[in-house]
Amino acid sequence: MQLSPAELADNALSPETLDLAVCHFKTSGYVLFTGVLPPDLIAAMHAEFTQVFNAHIANAEENRGANRYQMHLPFAKPFIDPRVIENPFVLPIVEAIVGDDCVCTYFASDTPLPGSEHQAVHADTHPIFPAMGMAVPTYNIGFNIPLVDFRADNGPMQIWPSTHLTSPGTDIAAAAPLLHSEELLMPAGSLLIRDLRMWHRGTPNHSDEIRPNMAMIYAQRWLKTHYPPVGIPQTTYDGLSPRAQQLFRDEDIGGPLAHAPS
Ligand SMILES: O=C(O)CCC(=O)C(=O)O
């Protein structure tokens, strides 16, 4: 979806865009606002990410397939900019779908390196009523911010729209080739929110640079997952806005940073 110049200037969605976005999310399983965050913020996050990532992969095994890493991010500047953790275009949609009381439970990244391969098509969450033959309303929402342009050659995410509505227990590997999918080509600083049940996969990175994707999760507060809590130093937490404090209130306040920034 495209934000209007007035929405970008006001840092707010119009009521019409909010309605459209919520409707698109419920039916398609995702909303993409292209190229929203300013280049200086993306440049600062990309520079810091590169330092933290290079230090991490020097000692870590690839953990999402060949030449592909999931890495938790340090809950620190520049990553915790309010335009990231409480984005004014994303939060109203999140709140309309999972409620004002939702929490942010994941602060991380996905990065295919040159030489990565297709992942298996997958969902990022488990069904909460696995025995029911029908989809239930959304209970967690992934939020991705590409830190570089996602192009056809550098391993864009491939998504299967509307598959968040398939019955729990559908054989994803068998059904995915029969259904429509799209590669999400988007400029750095775009905002992608997606129902974590929607099928997707990482694709091969044929370029000569890494392709980092920030990843957060906003969820119903009662949802239990296997993710470790986000470590947030007390002084950092104290410096957050009241809304951001509320979003991160169930995380490890006073705990250690995931990967110390440079
Ligand atoms: O390519 C991406 O950013 C997403 C990768 C992914 O879906 C995963 O590692 O589970």
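**A walk from the sheet to the ligand**

Let's start with a pair of neighbours: strand S4 (residues 140-146) and strand S9 (residues 213-219) run antiparallel to each other, joined by seven bridges. Keep in mind as you look around that this is a predicted model. Strands in a sheet are held to each other by backbone hydrogen bonds, in either a parallel or an antiparallel way. You can find this pairing residue by residue: Ile141 has Tyr218 in S9 as its bridge partner, and Gly142 sits opposite Ile217 in S9.

Now look at the other neighbour of S9. Strand S3 is joined to S9 by seven bridges, and these two strands run antiparallel. Here, Ser109 stands opposite Met214 in S9.

Is S9 buried or exposed? It is mostly covered, with seven of its seven residues buried. In a regular strand, side chains alternate between the two faces of the sheet. You can follow that idea along S9: Asn213, Ala215, Ile217 and Ala219 point one way, while Met214, Met216 and Tyr218 point the other way, and all are buried.

Asn213 also takes us to the ligand, as it is one of the residues around it, along with Arg64, Gln70, Asp110, Pro112, Gln119, Met157, His200, Arg201 and Gly202. Which strands each supply at least two residues of this shell? They are strand S3 (103-112) and strand S8 (200-202). The largest share, three residues, comes from S8. Sorted by class, the shell has two nonpolar, five polar and three charged residues.

Finally, step back and take in the whole chain. It has eight helices and 11 strands. Its radius of gyration is 18 Å, close to the 18 Å that the globule rule gives for 262 residues, so the chain is as compact as a globular protein of that length. Along its principal axes, the C-alpha trace spans about 45 × 45 × 40 Å. Buried residues make up 36% of the 262 residues. And among contacts with a separation of 6 or more, 85% are between residues 24 or more positions apart.

Notes: Residues numbered from 1 in each chain as written. Predicted model: local features only at pLDDT ≥ 70, side-chain atom pairs only at ≥ 80, totals over all residues. Near = placed C-beta within 6 Å. Helix = DSSP H or I, 4+ residues; strand = E, 2+ residues; numbered from the N terminus. Nonpolar A, V, L, I, M, F, W, Y, C, P; charged D, E, K, R; others polar. Rg over C-alpha atoms; globule rule 2.2 N^0.38 Å. Buried ≥ 20, exposed ≤ 12 C-beta atoms within 10 Å, placed from the backbone. Contact = placed C-beta atoms within 7 Å. Pairing = 2+ DSSP bridges.
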